[in-house]
Amino acid sequence: SVRLSLPVASAMLRVAAARVPARPSLASSAGVRALHGQVLGFVGLGKIGSGMVGNLLKARATVLVFDTSAEAMAAAERVGAVPAKIEEVAQRANIVFSAVPDDAALRSVSSKLLPELASQVAADGDRRVHVSCSTVSPEVSQELADAHSARDVGFVSAPVFARPDGMRRGEATIPVSGPVWAKELAIPVLRKTASVVRDFGKDAAAANVVKLGGNFLIAAAIEAMAEACALAENHHVEREDFIDLMSSTIFDCLIYKGYGQRVAERDHFPHPDAHFALDLGSKDMALVHQAASKARCPMPMASLLRDRFLTAQNCGRGKLDWSAVALRASEDAGVDLRPPLPAFLAKTARRAAAASGRGAK
C-alpha cells in the first residue's frame with residue numbers, strides 16, 4: 001500500500017532534513033572534482049533534462065541518453081551525449097536519471113528501466129540506482145520505490161526547481177529522498193547540476209511532497225499578485241508601477257520579480273528559457289489537491305488554484321506560461337482582454353522570433 005505520512009502544507013517543517021553542502025555555480029566550479037568519465041544514463045531530454053545532461057557533460061561524465069524525440073536525441077548528441085536505446089541506457093549505466101512530464105510517463109519509463117537494472121545487479125552484484133527528477137505524485141514515487149527495492153535497485157526522488165536557463169547554469173534546487181545508500185551514489189552527481197541539494201530522508205515520497213509544496217507556493221504567489229494588480233488597476237494605479245515597487249522592496253525575491261513582471265505586463269508568451277506550460281501547472285495543482293485530500297489536510301487556496309487552472313485551460317491558455325492563470329483575476333475585475341490579448345500575443349511572438357534570429361513572420 002502507498003505510504004504518505006506527511007501533510008502537504010507542513011512537509012518542509014515535519015520531514016527530518018539534513019542539508020547537503022551547496023556547490024558553486026558551474027561558471028565558478030573549476031575547482032570541483034569532475035566525474036572523470038563516469039558512465040551515467042539519462043531518459044527524457046526536455047528543457048530540464050537537456051540542461052542537466054549538458055551540466056553532467058561539462059563535469060566530464062559519459063552520458064548515455066534516450067528520448068522518444070529524434071530531434072532531442074540529435075541535439076544531445078551534438079553537445080557530446082551518446083544516443084542509445086532505453087534498454088541500453090540501463091544496461092551500461094549504474095545510475096540512470098529520468099525527467100518526464102507526469103505519473104504515467106514515469107511508470108512507463110520505469111517499466112523499461114527496472115528489469116534491465118535488476119538484471120545487471122543479478123549479473124555483477126554492483127548497485128544500480130534510478131533517480132527520478134520528475135514532478136509526480138508522492139504515491140507514484142512510493143509505489144516505484146517499493147518495486148525497485150523488491151529487485152535490489154535503488155530509487156531516489158529528486159524533483160527539480162529550476163527554469164531552463166537556470167538549469168543550464170547549474171543553479172537548480174533539488175530536494176532528494178530515498179534509501180541512504182542510493183542517495184550516497186546520486187547526490188554527488190546531482191551536485192554537478194544544482195546549487196542546492198537537500199536530503200529529506202528515506203521516504204521516497206517526501207521529496208515529491210516538498211516539490212508539490214513549492215510549486216503550490218509559486219502558484220499562490222502568482223494568484224496573489226494577479227489579484228493585487230487587479231485592485232490597483234481598478235483604482236487607476238498602473239499595475240506595472242505597483243509591481244515594480246513591491247518586487248524591489250518588501251517582496252524583493254526571484255518569484256515576485258520574475259512572475260511579477262509577467263503578471264503586471266500580461267506577458268505570458270512561452271519564451272524558450274522562461275516557460276512552464278500552464279497545462280503542466282494545472283497537473284501539479286491537481287496533484288497538490290490530491291495529496292492534501294489523501295492526507296486529510298485542508299488547503300483552501302489549493303482548491304482555488306486547481307479551479308483557476310482548469311478555467312484557464314478551458315479558455316484555451318494551456319500552452320501559455322502558467323502565469324497566464326493570472327489573466328482571470330483581471331477578467332473577474334471587469335477588464336475585457338479579448339481585443340488586446342491576441343494582438344499582444346502576436347507582438348510577443350514576433351519579438352521572440354526576432355530575438356532568436358528567425359525574424360518576424
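Over the ring of which residue does the charged end of Lys211 sit? In this predicted model, that ring belongs to Phe161, and the charged end of Lys211 lies 5.0 Å from its centre.

Before you zoom in, a word on how to read these legends. This is a predicted model, so local features need pLDDT of at least 70 and side-chain atom pairs count only at pLDDT 80 or more, while totals for chains, interfaces and linings use all residues. Residues are numbered from 1 along each chain as its sequence is written, and side-chain values use heavy atoms, with hydrogens and water left out.

**Figure 1. The whole protein, before the close-ups.** The protein has 15 helices and nine strands; helices (H or I, at least four residues) and strands (E, at least two) are DSSP runs numbered from the N terminus. Of its 361 residues, 51% are buried. Here, buried means under 20% relative accessible area, exposed means over 50%, and partly exposed is in between (1.4 Å probe, protein chains only).

**Figure 2. Charges over rings.** Besides Lys211 with Phe161, look for Arg127, whose charged end sits over the ring of Trp181, 4.4 Å from the centre. A charge sits over a ring if NZ of Lys or CZ of Arg is within 6 Å of the ring centre and within 35 degrees of the ring normal.

**Figure 3. Aromatic pairs.** Rings of Phe, Tyr and Trp (its six-membered ring) pair if their centres lie within 6.5 Å; planes under 30 degrees apart count as stacked, over 60 as edge-to-face and the rest as tilted. By this rule there are five aromatic pairs. One of them is the stacked pair of Phe251 and Tyr256, with 4.6 Å from centre to centre and 20° between the planes. Phe251 has 34% relative accessibility, so Phe251 counts as partly exposed. Tyr259 and Trp322 make an edge-to-face pair, because their ring centres are 6.2 Å apart and their planes meet at 75°. Tyr259 belongs to helix α11 (residues 254-265) and Trp322 to the loop between α13 (300-314) and α14 (327-332), so this pair ties together parts that are 63 residues apart in sequence. Both Tyr259 and Trp322 are buried, and together with Phe276 and Phe309 they form one aromatic cluster.

Figure 4. In α10 (residues 239-248), the residues Arg239, Ile243, Met246 and Ser247 are buried. They lie on the same side of α10 because they cover an arc of only 90° around the axis, where the arc is that of the directions from the helix axis to the C-beta atoms. What is found on the other side of α10? There, Asp241 and Asp244 are exposed. The buried residues of α10 pack against α9 (204-234), α11 and α14, with contact meaning heavy atoms within 4.5 Å.

Figure 5. Asp199 sits in strand β9 (residues 194-199) and is buried, with a relative accessible area of 15%. Its side chain is joined to that of Lys183 by a polar contact of 2.8 Å, and a polar atom of the Asp199 side chain lies 2.9 Å from the backbone nitrogen of Gly201. Arg266, in the loop between α11 and α12 (278-294), counts as buried at 16% relative accessibility.

Methods. Polar contact = N/O pair within 3.5 Å; in protein donor to acceptor, adjacent residues only side chain to side chain.
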